[in-house]
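Me: I want to learn how to read salt bridges in a model. Can you walk me through them?

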Amino acid sequence: ATSVTLSGIGVHSGAPVTLTFHPAEAGSGIVFNRLHADGSVTELKAVSSQVGATDLSTVLGFTPARSVATIEHVLSALTGMGVDNAFIEIDGPEVPILDGSSDLFVELIEKTGTRAQAAPRKIIEVLQPIEVREGVKFARLLPNDGFEVEVDIHFTSRAIGHQSGKFQISNGQFSKELSKARTFGFLHQVETMRKNGLSLGGSLDNAIVIDGDEIMNESGLRFDDEFARHKALDAVGDLSLAGAYLHAHYIGHQSGHALNVALVKALLANPNAWRLKATPLNAQALAAAGL
């Protein structure tokens, strides 16, 4: 509804970064504007064709100097809160990690509020199954009247083991079921990444850290299945790169950013597998828009 700012650190760079949400006109979509020290701006629309990397996070842009990394948590929050249009200014190379979840983004959106716009909402309706695979891992989209995310994960660490869950992404369910679920990693991976100049901002304050079969965070977990819930949170953010809200049932079996983005690209590349529809305008939306 209005511009609002937050600051934090990048999980990989460890550098401070400030991010500002601005209202955008109907049809704008979600657009990141990376601000550079020389005064120039790199504009990156949050769509799958602009994804340059998916190794450690989802990255928009194809060169480090002109990209924005770790976009999945903020995109998940925007999707979960029903925001279709926003400009996001950012003065660094990656979105601040905050507490490792989408919760603080959700709180910010709730605090500043949203506004209805005098335009129908565009929805991508999945018409037939689409699947991408990598060995035993797969990501799949099925037709559905709404947006539902189902995940299944397996880890040898007994701290995680086998977890699964199915979650609705509508009617406030995102903020209740998924937004608080934090990212996670293994201690030995963190040590290796830091030797390579990565995960410099990672800590027990913004991630669940696992050492062997033990969770190192003294506060423990927010949910018994927090690991599966965070995978679902990530999927919501990645799937938003379709460029419009989905009506689909997503199933991810040991999937991650790479498969999620590949799934979006496979869907959009098959014109028989989806159609674009629009929700009708109603009197309440028109009145809220001042029309």
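Me: Which side chains meet in a salt bridge at 3.2 Å, N to O?

Reply: First, the general idea. Side chains of opposite charge can pair when their charged atoms come close. A salt bridge here is a side-chain nitrogen of Lys or Arg within 4 Å of a carboxyl oxygen of Asp or Glu. In this case, Asp213 and Arg158 meet, at 3.2 Å from N to O. Asp213 sits in the loop between β14 (208–211) and β15 (214–215), and Arg158 in the loop between β11 (147–154) and β12 (162–168), so the pair ties together parts 55 residues apart in sequence. Strands are DSSP runs of E, at least two residues, numbered from the N terminus.

Me: What should I know about the model itself?

Reply: It is predicted: local features need pLDDT of at least 70, side-chain atom pairs count only at pLDDT 80 or more, and totals for chains, interfaces and linings use all residues. Residues are numbered from 1 along each chain as its sequence is written, and side-chain values use heavy atoms, with hydrogens and water left out.

Me: Are Arg229 and Asp225 buried or exposed?

Reply: Buried means under 20% relative accessible area, exposed over 50%, partly exposed in between (1.4 Å probe, protein chains only). Arg229 and Asp225 are both buried. Their salt bridge has its closest N and O atoms 2.6 Å apart. Compare Asp213, partly exposed at 32%, and Arg158, exposed at 71%.

Me: How far apart are the closest N and O atoms of Glu131 and Arg133?

Reply: They are 3.0 Å apart, in a salt bridge. Glu131 is partly exposed at 35%. Arg133 is partly exposed too, at 49%.

Me: How many salt bridges does a search of the whole structure find?

Reply: It finds 11.

Technical notes: Helix = DSSP H or I, 4+ residues; strand = E, 2+ residues; numbered from the N terminus.
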